[in-house]
Amino acid sequence: EETCPAEKNCHYANSECYEDSGEACQSFSSVQCPPRCFIRDDQCDDFMCSDYGKDACLAANCTFSDEAYRCYHDTGMPCDSYDSWETCPPGRCLFNEMDDICYMRRCSDIYLESHSDCTDATFASCEVRNVNGRDICLEKNKPTPCYVQDYAFGSDSCPEVCTPLHSDFLCYGEGEIDFCNKHKSQYSCSLFDYCDWIDDECKGCKDKPCATVEPSTTTTT
């Protein structure tokens, strides 16, 4: 190790001395991966903001979120343009690992232990509303979204602006984000381009839009 000269871009690993040729990180094996690169999933790769701890975050021109306790880089692009947890910027966006989507953070994503959890939110102006017997945190001065208005068995209480999904007892609003696993029918699942109907279950897909072929029927019953 003493004969491995760092000043010549060399580094010592696995009992060998390796030279950093300056090529792209992806061109090195995980054993030969130079210190300027990061080993991710046993592959040599470039550092991402999410790879840095709190102290190194700002020095790498990244932003640190104390709430999420992670380092990130927000490019200002729409949330759905980010395709991984590592790149999805916390604060204004959330990443749903089950559905593999990054989406704009909503008041309804706040878990209510007390009303102040909602009213003290800093990313949006939120308020608590009672929807079908449940207290839910929602954006102030905006209509109640369809995705929180699931209805009781045997009744159809979806408002006129929503489409009732009778088989799932849910209400659907075009353009709204909802979680795939809430939807138990192929038709309901096919309404979301990030969901795929696989083995009789609605699941998120990696490559979007999903490849699911919509059912030939358009009925919601």
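The model is predicted, and in it local features need pLDDT of at least 70, side-chain atom pairs count only at pLDDT 80 or more, and totals for chains, interfaces and linings use all residues. Residues are numbered from 1 along each chain as its sequence is written, and side-chain values use heavy atoms, with hydrogens and water left out. By the distance rule for a disulfide, a pair of cysteine sulfur atoms within 2.5 Å, the count comes to 13 disulfides.

**Confidence**

- The mean pLDDT of the protein is 86, and 90% of its residues reach 70 or more, where pLDDT is the predictor's confidence in each residue, from 0 to 100.
- Confidence is lowest in strand β1 (residues 10–13), at a mean of 79, and highest in helix α2 (residues 115–119), at 95; helices (H or I, at least four residues) and strands (E, at least two) are DSSP runs, numbered from the N terminus.
- Over residues 213–221 pLDDT stays under 50, and for this stretch the model has 14 contacts beyond four places in sequence, a contact being heavy atoms within 4.5 Å.

**Nonpolar cores**

- A nonpolar core is a set of buried Ala, Val, Leu, Ile, Met, Phe, Trp, Tyr and Cys residues joined through side-chain atoms within 4.5 Å, and buried here means under 20% relative accessible area, exposed over 50%, and partly exposed in between (1.4 Å probe, protein chains only).
- The largest nonpolar core has 13 residues, and those with the most contacts inside it are Leu-165, Cys-180, Cys-189, Phe-192, Tyr-194, Cys-195 and Cys-202.
- Two or more residues of this core come from each of the elements β8 (101–104), β12 (170–172), α3 (186–190) and β13.
- Another core, of six residues, lies apart from it and has Cys-79, Tyr-82, Phe-95 and Cys-102 among its members.
- In soluble globular proteins, nonpolar side chains tend to be buried together.

- Cys-49 counts as buried at 16% relative accessibility, and Cys-62 counts as buried at 7%.
- A disulfide joins Cys-205 to Cys-210, with an S to S distance of 1.9 Å; Cys-205 is buried, with a relative accessible area of 9%, and Cys-210 counts as buried at 15%.
- The sulfur of Cys-10 is 4.4 Å from the closest cysteine sulfur, in Cys-17, which is too far for a bond, and Cys-10 is buried, with a relative accessible area of 18%.

**An exposed loop residue**

- Asp-200 lies in the loop between β13 (195–198) and β14 (201–204), and Asp-200 is exposed, with a relative accessible area of 64%.
- The C-alpha atoms of Asp-200 and Cys-162 are separated by 25 Å, the two residues being 38 residues apart along the chain.
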